[in-house]
Every structure is written in structure tokens, then in C-alpha cells.
Amino acid sequence: MTMALHAAIAESLRERIRGGKLLAGQTVPSEAELCAEWNASRAPVRQALATLRAEGAISSSRGRRSTVRADAVGQPFDTLMSYSSWARSLGRTPGQRTLELGLRTADSDAAAALRLDEGSMVVHGLRLRTLDDVPTMLERALYVESVGRLLFEFDSDAGSQWEFLQSRGVVFAAASHVIDAVAADAVDAAWLGVPEGSPLLRQRRTTRNGEGVVIEYHDDRYLPAEVAFTIQNAPDMRTPLVRSTRP
């Protein structure tokens, strides 16, 4: 399906911001410049700019050109990307320390998460994720056996498991996300350096392949001092939930 023109313009500007072609504080191309670039009328250009304002990517005031906000870059949850890709899009350095990676039989919770029979073999993992060497998130992952076994061939401290799995032909086609808060358990407290019972932001993600089969489940617990989930609304406009780092 062809992307609507206003959506294509907005995504092009997002890519310039993520890629560093438009830096914080710089002015965004004017409506006239964007109309000429895209051979478009003002209506889709204005809608694209309004979308970016609603997302918090750009700001403007009456009589002045729009500028890129310092906290512009986040990950809208209407896009599907790995933690490492998200961090790099912010100009940050992702890191990871693998604490557990192994094969086990699925208990009732794991079986329900991966839509398998209880007792099926699954691969489980536990990793501490960092941004610029600062502990940020504890990642609990479950994979169906056929996908997870591929990770035994990979140094999970060296980079993105997702990117490795994609290089081996695994297709992450769609995901559903549940965002909530949870009290840190003993494992969270030990690795994130917070007292047990401290509030954490949790993202639970269920990922499917191109055939709609669940292949991965994540329970990711973020330090709220480091990462936020935000949404900015505008009348008559749908805007995505965004994962962003704290300023």
C-alpha cells in the first residue's frame, strides 16, 4: 500500500532528524521549500509538520520557522526496531551484558506467552542493557526453540540479537506491546541498582513472523529515571506512543 503523501513527508523529516542531517535547534525546511521538494500543495506539507509537532519532534511559535527540539528523537511504537537500533537513532551507544541464555522446558507462563504447549522447549535469556554504559533496562526474553537456538552461535554481548537473527533469515513482521509499571523484584534490584520494590516501567512485547506465528516474547523493565514513554495529542490527529530517553 502506498504511503500517503503527508506521511511520507513526515517520515522523511524524521529520518533527517534521526540521521543527524537536522540537528537540535536547527530550522526545519519551510512550507514553501517542502512544497517545492515534494511537488506538493500546502495541505499535505502542513499536515506533515503538524504531525511532527504533535509527536514533539519540532516546535514553532507564531511568525518563526519550526525548529528541531533537543529531545526530538524517540521511537514511535508504530515502528518496529530493536533496542540497539533505537539507541543508535538517538546518537547513544547501546550496550549489553548477557546474564543467562539457555534452553529449558516451558512452564505455564512461558507456554502462554509463546502460544505453545506446556513442556515445549524454549530458549530464555536475561540481559542487562545500557545506554552509554549506564544501566537502563533488564531484558527478559523467550524464543521458540527454532529461533532461539540460533543465538547459541552468537556472542550476545557483542551486539543486537535481533540484527543477528535477521541476518539468519528470521522475520520479525509484527509486534504487540503492553506498557505498565511493575515493582522491582530481587533480580531487577540486583542488576539495575535499585531497592527491591522500586517502580520500573515495563514493556511486554509479543512478536510474530510473516505467517502470524509468535516467535518471541519480551518482558523489558526500564529505569524510569533513564527512559520514558510519552504521547502528545492534537485535535483530530492520531499520534503514536514514543519511547524516549530522559533529558
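## Model and conventions

The model is predicted, with local features requiring pLDDT of at least 70 and side-chain atom pairs counted only at pLDDT 80 or more, while totals for chains, interfaces and linings use all residues. Residues are numbered from 1 along each chain as its sequence is written, and side-chain values use heavy atoms, with hydrogens and water left out.

## Overall architecture

The chain contains 8 helices and 11 strands; helices (H or I, at least four residues) and strands (E, at least two) are DSSP runs, numbered from the N terminus. Of its 247 residues, 48% count as buried, where buried means under 20% relative accessible area, exposed over 50% and partly exposed in between (1.4 Å probe, protein chains only). Among contacts between residues at least 6 apart in sequence, 57% join residues at least 24 apart, a contact being heavy atoms within 4.5 Å.

## Packing of helix 1 against helix 3

Two packed helices are described by the angle between their axes and the distance between the axes. For helix 1 (residues 5–18) and helix 3 (residues 42–55), the angle is about 50° and the axes lie 8 Å apart. Helix 1 is therefore oblique to helix 3. Axes here are lines fitted to C-alpha atoms, for helices over the stretch in contact, and angles run from 0 to 180 degrees between N-to-C directions. Angles under 35 degrees count as roughly parallel, over 145 as roughly antiparallel, 65 to 115 as roughly perpendicular and the rest as oblique. The crossing is right-handed, which applies if the near helix is turned clockwise from the far one by less than a right angle, anticlockwise being left-handed.

On the helix 1 side, L5, H6, I9, A10, L13 and R14 form the contact, and they meet P44, V45, Q47, A48, L49, T51, L52 and E55 of helix 3. These residues divide into 9 nonpolar, 3 polar and 2 charged. Ala, Val, Leu, Ile, Met, Phe, Trp, Tyr, Cys and Pro count as nonpolar, Asp, Glu, Lys and Arg as charged, and the others, Gly among them, as polar.

## The two helices individually

In helix 1, the buried residues are A8, I9, A10, S12, L13, R14, R16, I17 and R18. Just after helix 1, G20 adopts a positive phi of about 85°.

Helix 3 buries P44, V45, A48, L49, T51, L52, A54 and E55. The cover over these residues includes helix 1, helix 2 and strand 1 (58–59). Helix 3 is followed by G56, whose phi is positive, near 85°.

## Loop residues

Most residues other than glycine have a negative phi. N39, in the loop between helix 2 (31–38) and helix 3, has a positive phi of about 50° although it is not a glycine. With 74% relative accessibility, N39 counts as exposed. R115 likewise is not a glycine and has a positive phi, of about 60°; R115 lies in the loop between helix 5 (108–114) and strand 5 (121–131) and, at 53% relative accessibility, counts as exposed.

D185 is placed in the loop between strand 7 (174–183) and helix 8 (186–192). Its relative accessible area of 28% makes D185 partly exposed. Leaving aside neighbours within four places in sequence, D185 is in contact with R140, E196 and R221.
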